[in-house]
Amino acid sequence: MKQYKLDKNKHYKNIKKEIKNRLKLRFKCNWIEVLKKLESGRNYNFKNDLDFMTKIEFELTQILKQIIKKSFKSIEFPANIRISHNKPPKGYLQRPYATDNIHQDSWSGEPSDSYIFFMYIFLYKKCSYMKMFYKNSKLNRRRKTLKSYKELKINENDLKKYDFSKKSGNAILFDTNTPHKSVRGKNGIRISLDVRFRLKNPYIKNKQIYSIKEFSTNKILKQGKFWHPPTKKLSTFKNKLNYEYEKIQEIGDAKALNLRSNYLKYFEYQ
Ligand SMILES: [Fe+2]
């Protein structure tokens, strides 16, 4: 687990500016009014805006390349830009993988070579936050997918808290066996970004191409959310798709191509 201060980083600033502009455009008002609308419960789903998310991905990969020593071969697309309100959405806490419970991402089936990168972007003083804990040897041994995060009874007092202060531009990188949870705030909203990346090729597991089920039809986790990280600036989703198909050609297996086109069918309706 490692943390970073990115408030002066050029690419972080670009992401922040892009999000701000996108929201002003969406709500057709100035920033102060955007914040008021968000405070009153409005939201915006950045995920559906694929051209926008392609631009964000480019900036994000620049940050990751600067801070990560290991080379990574897959990145989740689109990244998650979340506007968190203090009250959970209706029915959220009943979900098996509600992040209000202490959990490790390996328990929801995230691949073992994957990492999570999280950063705070816009914050209110008393907004929700991420609570991080040091790895715990007992929990570390539990790596199988659970039906629900509540399946394990975890006493928070048995874990040692890891200090990660809530401040815009603060970011953290951790692997799938790191305990954490989200803590609801008292008032105000939080805008944060999180993304997963993997060290291995997005199409291959144990030297074999993934099955359709693992890649695009599995309910819990679809491996198809991982794509090749862009090595050049791509500004539209169409460019991104073309780039992905070029990279798939390099694998030289028609099955990989089939996986991606199959995944796109589900992806369109997400
Ligand atoms: Fe998590």
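1. A residue is called buried if 20 or more other C-beta atoms lie within 10 Å of its own, exposed if 12 or fewer, and partly exposed in between. By that rule S182, with 19 C-beta neighbours inside 10 Å, counts as partly exposed. The model is a predicted one, and the values below should be read with that in mind.

2. S182 belongs to strand β8, which covers residues 180-183. When neighbours within four places in sequence are left aside, the contacts of S182 are with T99, D100, S128 and M130. Y243, by comparison, is 61 residues from S182 in sequence, and the two C-alpha atoms are 35 Å apart in space.

3. The protein is divided into domain 1 (2-70 + 80-199) and domain 2 (201-270), and the C-alpha centres of these two domains lie 24 Å apart. Where they meet, 13 residues of domain 1 are in contact with 12 residues of domain 2. On the domain 1 side, α3 gives the most, with seven residues. Sorted by class, that side of domain 1 has two nonpolar, five polar and six charged residues.

4. The largest nonpolar core holds 36 residues, and the members that touch the most others are M119, I121, L193 and V195. At least two residues of this core come from each of α1 (10-27), α2 (31-39), α3 (50-67), β4 (114-123), β7 (170-175), β9 (190-198) and β12 (226-227). The largest share, eight residues, is supplied by β4. As for L193, its contacts beyond four places in sequence are I15, A79, N80, I81, M119 and I121. There is also a second, separate core of seven residues, among them Y203, Y210, F215 and Y263.

5. Helix α1 has 18 residues, and the distance from its first C-alpha to its last is 26 Å, close to the 26 Å expected at 1.5 Å a residue. Its buried residues are Y12, I15, K16, I19 and L23. Because they cover an arc of only 95° around the axis, they are on the same side of α1. K10, K17, N21 and L25, on the other side of the helix, are exposed. The packing partners of the buried residues of α1 are α2, α3, β3 (80-84), β4 and β9.

6. Within α3, the residues F52, T54, K55, I56, E57, E59, L60, T61 and I63 are buried. The buried residues of α3 pack against α1, β2, β9 and α6 (237-251).

7. K28, which follows α1, lies in the loop between α1 and α2, and its phi is near 50°, a positive value in a residue other than glycine. K28 counts as exposed because it has 8 C-beta neighbours inside 10 Å. K207 has a positive phi of about 65° although it is not a glycine, and its place is in the loop between β10 (204-205) and β11 (208-209). With 5 C-beta neighbours inside 10 Å, K207 counts as exposed.

8. A further backbone detail that I would inspect is the peptide bond joining F77 and P78, which is cis, with omega about -10°. P78 is in the loop between β2 (74-76) and β3.

9. The last point concerns K150, which is found in the loop between α4 (137-140) and β6 (161-162). Is K150 buried or partly exposed? It has 15 other C-beta atoms within 10 Å, and K150 is therefore partly exposed. K150 and L60 are 90 residues apart in sequence, and their C-alpha atoms are 32 Å apart in space; L60 itself is one of the buried residues of α3.

Technical notes:
Residues numbered from 1 in each chain as written. Predicted model: local features only at pLDDT ≥ 70, side-chain atom pairs only at ≥ 80, totals over all residues. Core = buried A, V, L, I, M, F, W, Y, C linked by C-beta atoms within 7 Å. Helix = DSSP H or I, 4+ residues; strand = E, 2+ residues; numbered from the N terminus. Contact = placed C-beta atoms within 7 Å. Expected span 1.5 Å × (residues − 1). Arc of directions from axis to C-beta. Domains from an automatic or database assignment. Nonpolar A, V, L, I, M, F, W, Y, C, P; charged D, E, K, R; others polar.
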